[in-house]
Amino acid sequence: MNVEIDLRDLARDIAREAGDLARRRRAEGVSIAASKSTLADIVTEADREVEAFIRARLEAERPDDGFLGEESTASESRSGITWVVDPIDGTVNYASGMPSYAVSIAAVRGGVTFATWEALAGAVDVPALGETFDAARGEGSRVASASGTSRLHVASEYPAGALIGTGLGYDPATHAGDIATMQAVMPLARDVRRIGAAAVDLSYVAAGRLDAYFERGLKSWDLAAGSLIVAEAGGSVVELPEDPFGRRMTIAAHADLAASIADRVRSVN
Ligand code: IPD
Ligand code: CA
């Protein structure tokens, strides 16, 4: 077995355990612990508890690896590998009782940004929907559910136009620009979805459920696992330079569609 497969299997096992914990806590009721960057950007007690659980599991298994998570202080790597973790991606869905929330866990080498890391392995568990997506570098990507495990492939044909996922930032000051971008992309679209969890959007692109996904302002933990799952499903993930709010644009799709979306994004920014 190669190291990427070991890392993927560990990410998958811990993501599933963490997903179970998040789902149990959701059933017991959710309390908002705080607002972060804006009032709309919330964290629940469960986000913190699930991150602490994942961190403790990783530290026990791989004490020399670094850690970067959404809800706690980062630690440096001594092994060269860092775990990039979103304990609950889609916290607003989680708090609102909607099922599209996910645990996202990735192992990367090098830096801890999309531009600087080499992603080795990742898992996205969607506990309320009973699916786990995962990937190991060079080994493809998969989805597992009660009905079995299957390999993922991005869509390459969309005769009726592309089904495109996107998201809006939590800062109302950014909404007008994001809506202008959406308008510019619409001629390529059959329809749009705003699922509310970047890791789920990316996993759905990998699975060919969405043809494409684009969003500004994603953080490393939002896209570390999902972007590898897209790439290993034959897709392309590109980042465009920062907008005036300091947010990079992430686009995930089959390479040709990603390039067409990038052209349209650039036409309005
Ligand atoms: C958010 C979700 C959302 C996206 C935001 C992310 P969080 O992550 O992925 O879909 O629009 O940009 O921050 O805060 O729920 O972990
Ligand atoms: Ca989160």
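The legends below describe close-up views of a predicted model.

Local features are given only at pLDDT of at least 70 and side-chain atom pairs only at pLDDT 80 or more, while totals for chains, interfaces and linings use all residues. Residues are numbered from 1 along each chain as its sequence is written, chains are lettered from A and ligands numbered from 1 in the order in which they are written, and side-chain values use heavy atoms, without hydrogens and water.

**View 1. The largest pocket.** This pocket holds about 960 Å³ of space. Of its 44 lining residues, Y170, G217, L218, K219 and D222 are the closest to the centre. Strand 4 (81-89), helix 3 (91-96), strand 12 (212-216) and helix 6 (220-232) each give two or more residues to the lining, and helix 6 has the largest share, four residues. Domain 1 (3-151) and domain 2 (162-268) each supply at least three lining residues; the domain bounds come from an automatic or database domain assignment. A pocket is an open set of points on a 1 Å grid over the protein atoms alone, with protein on both sides within 12 Å along at least five of seven lines, and lining residues have an atom within 4 Å of a point. Grid points are joined across faces, edges and corners, and a volume is the space filled by probe spheres set on the points. Helices (H or I, at least four residues) and strands (E, at least two) are DSSP runs, numbered from the N terminus.

**View 2. The calcium ion (ligand 2).** E70 (OE), D86 (OD), D86 (OD) and I88 (O) coordinate the ion at 2.1 to 3.0 Å. E70 lies in the loop between strand 3 (66-69) and strand 4, and D86 in strand 4, so the pair ties together parts that are 16 residues apart in sequence. E70 is partly exposed at 22% relative accessibility, whereas D86 is buried at 1%. Buried means under 20% relative accessible area, exposed over 50%, and partly exposed in between (1.4 Å probe, protein chains only). Donors are N, O and S atoms within 2.8 Å of the metal (3.2 Å for Na, K and Ca); water is not among the atoms, so sites may look incomplete.

**View 3. S227 in helix 6.** S227 is buried, with a relative accessible area of 4%. A polar atom of its side chain lies 3.3 Å from the backbone oxygen of A224.

**View 4. The largest cavity.** Its volume is about 50 Å³. Among the lining residues are T166, D178, F214 and M249. Helix 4 (175-185) and strand 12 each give two or more residues to this lining. A cavity is a set of grid points where a 1.4 Å probe fits but cannot get out.

Definitions and conventions: Polar contact = N/O pair within 3.5 Å; in protein donor to acceptor, adjacent residues only side chain to side chain.
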